[in-house]
Amino acid sequence: MSNKPKVLVTSRIPEEGMRILEEYCHVKVFDYEGVFPRDLLLKEVKGVDAIVCLLADRIDDEVMDAAGPQLKIIANYAVGFDNIVVDAATKRGIMVTNTPGVLTDTTADLAWALILATARRVVEGDKFLRQGKFKGWKPMLLLGTDVHHATLGIIGFGNIGRAVARRAIGFDIKVIYYSAHRASEEVEKKLNAEYRSLDDLLREADFISIHVPLTKETRHLIGERELKMMKKEAYLINTARGPIVDEKALAKALKEGWIRGAGLDVFEREPEVAPELLQLDNVVLLPHLGSASYATRAKMATMAAENVIKVLKGEVPPNLVNPEVVKRR
Ligand code: NAP
Ligand code: GLV
Ligand code: GLV
């Protein structure tokens, strides 16, 4: 084998990224249908200089130890990096990178797809028609909720949250947001968005869309208490991370009518979905498609590969999430 650096790619990414990696590295790439099996991860990671992993691959102390001291970079093929124990990487001098920015608009589009699909009962309507139930236009058939002129509450006003707000302008929607830090006056003015406390946002919004990362602070940020504060006619949209919402409480809320509907792209124990949710018509369920456009997945692949190459050349990668590591090297 050549003395090129070794890279483990736990699941094949688009060619744009594979090509870059293959030019500089010896690449081991897998094509599993589901999540890359843990025992295989622990075996295949041994001796590699870089890992390109997915959000379902948990990269913790055990994996880093199994890799060995030559491991230099963990490049997540996602913007969210809650699957990586970053402190464990920093301690070992390993750089961690993600893929921010390139997926912002694509994910914001999907949040809007869920807002419209839930409010206007798009999925129910499609099922109804395919089941041969459409016998003619009716005044009361599958009535939904108006999206235009509603109030949209955005939780987490970062890249994606702001892109969702930008799209609201055409719907004459009032945007309110809650986030760790208040945006500048200039941003608030440009996006026509007003800051609220979380509780005020929950009480006031007709649609609530979640865009915070999953952290210790945001786990179960939305539970029974918060769902009960929402309007009975409101909808909850989650395209961030499943564990931010207490899925059992949400299923209860949807079943008992505490809120009118929900649109979910992410789940608490992916790829599992709470069986109660599967029984309900007032929730639209998607298999984590936020960034899933051809163009965006290609850009993410290039970005992840370039992060790897930079580090292997001894440089600081553009999308480093643990800059403290630079001081330790
Ligand atoms: P981002 O630009 O970092 O935005 C996250 C925002 O959340 C920031 O404004 C941050 O505030 C805020 N925040 C962090 N912790 C908070 C807390 N405890 N309470 C309130 N606000 C908090 O990230 P992004 O690119 O918009 O992505 C957001 C998340 O979406 C990702 O982490 C990922 O999990 C998810 N995502 C999902 C998909 C999908 O396929 N469904 C696709 C892309 C992303 P500060 O910056 O002020 O700290
Ligand atoms: C997808 O969920 C991402 O975090 O990029
Ligand atoms: C409905 O199709 C209408 O014309 O109002």
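This report looks at a sheet, its helices, some salt bridges and one histidine in a predicted model.

Residues are numbered from 1 along each chain as its sequence is written, and chains are lettered from A and ligands numbered from 1 in the order in which they are written.

Helices (H or I, at least four residues) and strands (E, at least two) are DSSP runs, numbered from the N terminus. Two strands pair if DSSP finds at least two bridges between them.

Look at one pair. Strands β6 (residues 151-155) and β7 (residues 174-178) run parallel and are joined by five bridges. Threonine 151 has lysine 174 in β7 as its bridge partner.

**Helices on the sheet**

Contact means heavy atoms within 4.5 Å.

**Salt bridges**

Side chains of opposite charge can pair when their charged atoms come close. A salt bridge is a side-chain nitrogen of Lys or Arg within 4 Å of a carboxyl oxygen of Asp or Glu. The structure holds 28 of them.

| Pair | N to O distance |
|---|---|
| Aspartate 49 and lysine 72 | 2.9 Å |
| Aspartate 109 and arginine 167 | 2.7 Å |
| Arginine 225 and glutamate 226 | 2.7 Å |

Where do aspartate 49 and lysine 72 lie? Aspartate 49 is in the loop between α2 (38-44) and β3 (50-53), and lysine 72 is in the loop between α3 (61-67) and β4 (73-76), so the pair ties together parts 23 residues apart in sequence. Aspartate 109 and arginine 167 link distant parts of the chain, 58 residues apart. Aspartate 109 sits in helix α5, arginine 167 in helix α7 (residues 159-168).

Buried means under 20% relative accessible area, exposed over 50%, and partly exposed in between (1.4 Å probe, protein chains only). Aspartate 49 is buried at 12%, while lysine 72 is partly exposed at 27%. Arginine 225 is partly exposed at 45%, but glutamate 226 is buried at 11%.

Salt bridges also link Arg38, Arg58, Asp60 and Glu62 in a network.

**Histidine 211**

Is histidine 211 buried or exposed? Histidine 211 is buried, with a relative accessible area of 12%. Its place is the loop between β9 and α10 (224-229). The side chain of histidine 211 makes a polar contact with that of serine 209, at 2.7 Å. A polar contact is a pair of N or O atoms within 3.5 Å; within protein, one must be able to donate a hydrogen and the other to accept it, and residues adjacent in sequence count only if both atoms are side-chain atoms. Beyond its neighbours within four places in sequence, histidine 211 touches residues including Ala111, Ile154, Val164 and Thr239.

Key. This is a predicted model: local features need pLDDT of at least 70, side-chain atom pairs count only at pLDDT 80 or more; totals for chains, interfaces and linings use all residues. Side-chain values use heavy atoms; hydrogens and water are left out.
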